[in-house]
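Colleague: I am new to reading protein models. Could you take me through one, feature by feature?

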Amino acid sequence: MSGARPASTLAVRGLALRAGGLATGRELFSGLDLDVRAGERWVVVGPNGAGKSSLLAALAGVFSVARGEVALDGRPLAHWPLPQLADERAWSPQFWSDPFPSTVAETAAMASRRAGRWSRLFDDGPAADVGAVLARLDLARLADADVQTLSGGERQRVAIVTALLQGAPLLLLDEPVSHLDPAHQRLLLAVLADHARSGGAVVASLHDLNLAWDLASHAVLLDGRGGARAGGRDDVLQAEALAAVFEIEIESIDVRGRRRFVIGGDGAVDAHAGRSTDA
């Protein structure tokens, strides 16, 4: 897309996080290194409580870091003025609150009013067009609906719309496919792929391993026992490693040239050994 500003590199070095961001909290993971660059799509995978949401919040600059550093364009997040940081990254947390009535269009418009620097999906003006982005996420028919009356999946798509309309090239999305039906899951993956192709970058936590595989160019795997691994999708999202992390039998098979993960058996596997029939 013409006029797109590429995402700045998000660099993570020696990152360690503790539960709740507290010095007394249990250590979630440590020693995480990664670089998120323009055009990349990172997924964060791991069991409940491993630190996925905390990592997304730390990358957004809203969660205390126990050790290490997160920097954007070579500048630690703590040194960024908040309005400038909001120009660079949009964070969509796992939960939201709607304390007062507002239509879908009004909610989206509040996000779009600050999007003067970079429009990713559409190039019709200095800010992304609210109606066009609502249509892209299949929300046009609900533009006048009160957000307090939406289903979980509909409200989740509104949250994604507001992240897109913020105008930031880096999207940090915590469980963005939660509540979505299969058709809207695939729609969202297509929107995020378009965002990355236009020069943006995406970091998203997901529980569905097949959706994670389809979205990712890169991956972070948190094991829930303090370990963290980051790298290319094909290297990190291996059935044996996933089986060890989730302590359940996981196999990978090839379906029409695409890797699919299958949960097998009824019992757990040893935390240090998995099984794979990777094609």
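Colleague: Are α3 and α5 roughly parallel or roughly antiparallel to each other?

Modeller: First, some ground rules. This is a predicted model, where local features need pLDDT of at least 70, side-chain atom pairs count only at pLDDT 80 or more, and totals for chains, interfaces and linings use all residues. Residues are numbered from 1 along each chain as its sequence is written, and side-chain values use heavy atoms, with hydrogens and water left out.

Modeller: Now the general idea. Helices (H or I, at least four residues) and strands (E, at least two) are DSSP runs, numbered from the N terminus. Axes are lines fitted to C-alpha atoms, for helices over the stretch in contact, and angles run from 0 to 180 degrees between N-to-C directions. Angles under 35 degrees count as roughly parallel, over 145 as roughly antiparallel, 65 to 115 as roughly perpendicular and the rest as oblique.

Modeller: Here, the axes of α3 and helix α5 (residues 152-165) cross at roughly 25° and come within 7 Å. α3 and α5 are therefore roughly parallel to each other.

Colleague: Which residues of α3 and α5 make the contact?

Modeller: Contact means heavy atoms within 4.5 Å. From α3 come V104, T107, A108, A111 and S112; from α5 come V158, V161, T162 and L165. Sort them by class: Ala, Val, Leu, Ile, Met, Phe, Trp, Tyr, Cys and Pro count as nonpolar, Asp, Glu, Lys and Arg as charged, and the others, Gly among them, as polar. The contact of α3 with α5 then has 6 nonpolar, 3 polar and no charged residues.

Colleague: Which residues of α3 are buried?

Modeller: Buried means under 20% relative accessible area, exposed over 50%, partly exposed in between (1.4 Å probe, protein chains only). In α3, V104, T107, A108, A109, A111 and S112 are buried. They pack against α4 (130-136) and α5. Keep a general rule in mind. An α-helix has 3.6 residues a turn, so residues three or four places apart point the same way.

Colleague: Let me zoom in on one residue. What does T107 contact, leaving aside its neighbours within four places in sequence?

Modeller: T107 sits in helix α3 (residues 104-112). T107 contacts S102, V147, V158 and T162, with those neighbours left aside. T107 counts as buried because its relative accessible area is 12%. The C-alpha atoms of T107 and A143 are separated by 9.4 Å, and the two residues are 36 apart along the chain.

Colleague: Next, backbone angles. Where does E175 lie?

Modeller: The general idea comes first. Most residues other than glycine have a negative phi, and most peptide bonds are trans. E175 has a positive phi of about 55° although it is not a glycine. E175 lies in the loop between β7 (170-174) and α6 (182-197). At 7% relative accessibility, E175 is buried.

Colleague: Is E247 buried or partly exposed?

Modeller: E247 is partly exposed, at 36% relative accessibility. E247 also has a positive phi of about 55° and is not a glycine.

Colleague: What covers the buried residues of α9?

Modeller: The buried residues of α9 are A239, L242, A243, A244 and V245. Their cover includes β3 (41-45), α7 (209-215), β9 (218-222), β11 and β12 (258-263).

Colleague: Now a strand. What does R13 touch, not counting residues up to four places away in sequence?

Modeller: R13 is in strand β1 (residues 10-18). R13 touches L32, D33, L34, D35, G68 and E69, with those residues not counted. At 41% relative accessibility, R13 is partly exposed.

Colleague: And which strand holds A230?

Modeller: A230 belongs to strand β10 (residues 228-232). A230 is partly exposed, with a relative accessible area of 28%. A230 and A219 are 5.7 Å apart in space, C-alpha to C-alpha, and 11 residues apart in sequence.

Colleague: Finally, the whole chain. How many helices and strands are there?

Modeller: The protein chain has 9 helices and 12 strands. Of its 279 residues, 53% count as buried.
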